[in-house]
Amino acid sequence: MFFPDSNSSAKLGRRVIKNVYYFEESPMLDCNQFILVNNDTGELTLFDSGNGLSLKGLFDGMGNLGLLYQKITNIYLTHEHVDHVLGLYPIIEILKKNPPTIHAFGETAKILREGNESKIFPGNLGISPEMFGLKIIPLDIVDLKLDEVIRIGSDFTFKVYHTPGHSHGSVSYYEETNKILIPGDLVFTGGSFGRYDFPGGSLDSLINSIKFVNDLDVKYLLPGHMNISDNGNQQVDYSYKMVQSIKSFF
Ligand SMILES: [Zn+2]
């Protein structure tokens, strides 16, 4: 297997701040992706793997910005949904000489390690691995610990927080010095927030998790879908108000 069939062009990418790059989701069941550069080693860390079909587009988009995909040594996942994890399968195949270490939390790590197709593709979604040109196999996953510290060069020190509500295995990555939040599908820009009607979702947990990240000092909000923002505190607060207003209907 090389790149799954794909007619996608290069993913639109841009520098957010020094050594942080954003690659926009492709239109079909994909997610935003972020590349961070280790300023000491030049190695690259990828946040979320996308849907696999968009992988060539990511690599092309990276190339346009002078980032070599062969330098990806670590992948961190925000949660277990297909639009965030399917890219892992072609990535490990393409980089098999020097496979990146994959990090995930709790349920996300468990599902990927088991390689259980029905858990990665819940029946109610009406999609299958074949539609993505993939075969689901058990993967080597390193478990993230709660409050684990991730250092990427001397620029970035992320902390991992469990922020369930959208799914069981959802985590948010927070970098205090540069005030970066990578919340997966917990909060989005424009007052949006993650769906809580998938298996493992819970509105109460979602509200608690958004409340938690709303207490962090965030400038760069880098969510799993839609736009990113450099006005993070205001954006997260907007989502928090919106999700609370939903709750008041019940
Ligand atoms: Zn999701």
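In what order do the seven strands of the open sheet lie? The order is β1-β2-β3-β4-β5-β6-β7, with mixed pairing; two strands pair if DSSP finds at least two bridges between them. The edge strands, each pairing on one side only, are β1 (13-17) and β7 (142-143). Strands β1 and β2 (residues 20-23) run antiparallel and are joined by four bridges; Gly 13 has Phe 23 in β2 as its bridge partner.

The model is predicted: local features need pLDDT of at least 70, side-chain atom pairs count only at pLDDT 80 or more, and totals for chains, interfaces and linings use all residues. Residues are numbered from 1 along each chain as its sequence is written.

The secondary structure comprises seven helices and twelve strands, where helices (H or I, at least four residues) and strands (E, at least two) are DSSP runs, numbered from the N terminus. Buried residues account for 47% of the 250 residues; a residue is buried if 20 or more other C-beta atoms, placed from the backbone, lie within 10 Å of its own.

Helix α6 (residues 203-214) has twelve residues and should span 16 Å at 1.5 Å a residue, in agreement with the 16 Å between its end C-alpha atoms; the expected span is 1.5 Å times one less than the number of residues. In α6, Leu 206, Ser 209, Ile 210 and Val 213 are buried. These buried residues fall within an arc of 100° seen down the helix axis, so they line one face of α6; the arc is that of the directions from the axis to the C-beta atoms.

Conventions:
A residue is buried if 20 or more other C-beta atoms lie within 10 Å of its own, exposed if 12 or fewer, and partly exposed in between; C-beta atoms are placed from the backbone.
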